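Open the model in your viewer and keep the selection tool at hand. The stops below are meant to be taken in order.

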Amino acid sequence: MNKNNRQFELIYRDNFNKVMRLCLGYASGDKGLAKDLTQEVFVKVWDNLSKFREDSQVGTWIYRITVNTCLMQLRKKKRYLLKGELQNEIAVADEEEGSNKERQFKKMYRCIAKLSASNKTIILMELEGLSQKEIAAVMGMNHTAIRTRIHRIKTQLSKCVTHE
């Protein structure tokens, strides 16, 4: 096994769950789509591993790839999904919901889906447990701005979940 294969295996093992959870957030809880996005992320990691310059931590680099991949998917989906079809999908999903906890998660994912792309990225990384400094590095913003945005996003999500 060569060096790149070993390096990739370590990266995959250390980051798979984080990437999957972040993709799940972008996919509004759709596990199938989240798995597809996760696979696409790791294909990109493999393809670009030799180009990684180590200017940042591997985790930060992978989060950036994940965010870009998920945002690209959302743009594609937006182009093809009419508003009426989206509402129909949500209604069908509501009928299929099982437990109360799952209903709560779906409600939260729907509220997260309503956020702007940058706010969605920030809150999903916050929920993933990244430090605010790491989020600032991924987003290219300063720490104070991230702290303020997180507070505002949490307030917005609380209102959304309560009123949905």
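This is a predicted model: local features need pLDDT of at least 70, side-chain atom pairs count only at pLDDT 80 or more; totals for chains, interfaces and linings use all residues.

Residues are numbered from 1 along each chain as its sequence is written, and side-chain values use heavy atoms, with hydrogens and water left out.

**Aromatic rings**

Select the rings of Phe, Tyr and Trp (for Trp the six-membered ring); two rings pair if their centres lie within 6.5 Å, and planes under 30 degrees apart count as stacked, over 60 as edge-to-face and the rest as tilted. The structure holds seven such aromatic pairs.

Start with Phe8 and Phe42: the ring centres are 6.3 Å apart and the planes stand at 85 degrees, so this pair is edge-to-face. Phe8 belongs to helix α1 (residues 3-26) and Phe42 to helix α2 (residues 31-48), so the pair ties together parts 34 residues apart in sequence. Helices here are DSSP runs (H or I, at least four residues), numbered from the N terminus.

Now colour by accessibility: buried means under 20% relative accessible area, exposed over 50%, and partly exposed in between, with a 1.4 Å probe and protein chains only. Phe8 counts as buried at 17%, and Phe42 is buried at 4%.

Next select Tyr12 and Phe16, a tilted pair with 5.3 Å centre to centre and 40 degrees between the planes. Both are in helix α1, four residues apart, and are therefore separated by about one helical turn. Tyr12 is partly exposed, with a relative accessible area of 36%; Phe16 is also partly exposed, at 28%.

Move to Thr66 in helix α3 (residues 58-80). Is Thr66 buried or exposed? Thr66 is buried, with a relative accessible area of 0%. Leaving aside neighbours within four places in sequence, Thr66 is in contact with Val19, Leu22, Cys23 and Val41, where contact means heavy atoms within 4.5 Å.

Finish at Thr69, also in helix α3. Thr69 counts as buried at 1% relative accessibility. Which backbone oxygen does the side chain of Thr69 reach? It is that of Ile65, at 2.8 Å. Not counting residues up to four places away in sequence, Thr69 touches Leu37, Glu40, Val41 and Lys44.

Terms used:
Helices (H or I, at least four residues) and strands (E, at least two) are DSSP runs, numbered from the N terminus. A polar contact is a pair of N or O atoms within 3.5 Å; within protein, one must be able to donate a hydrogen and the other to accept it, and residues adjacent in sequence count only if both atoms are side-chain atoms.
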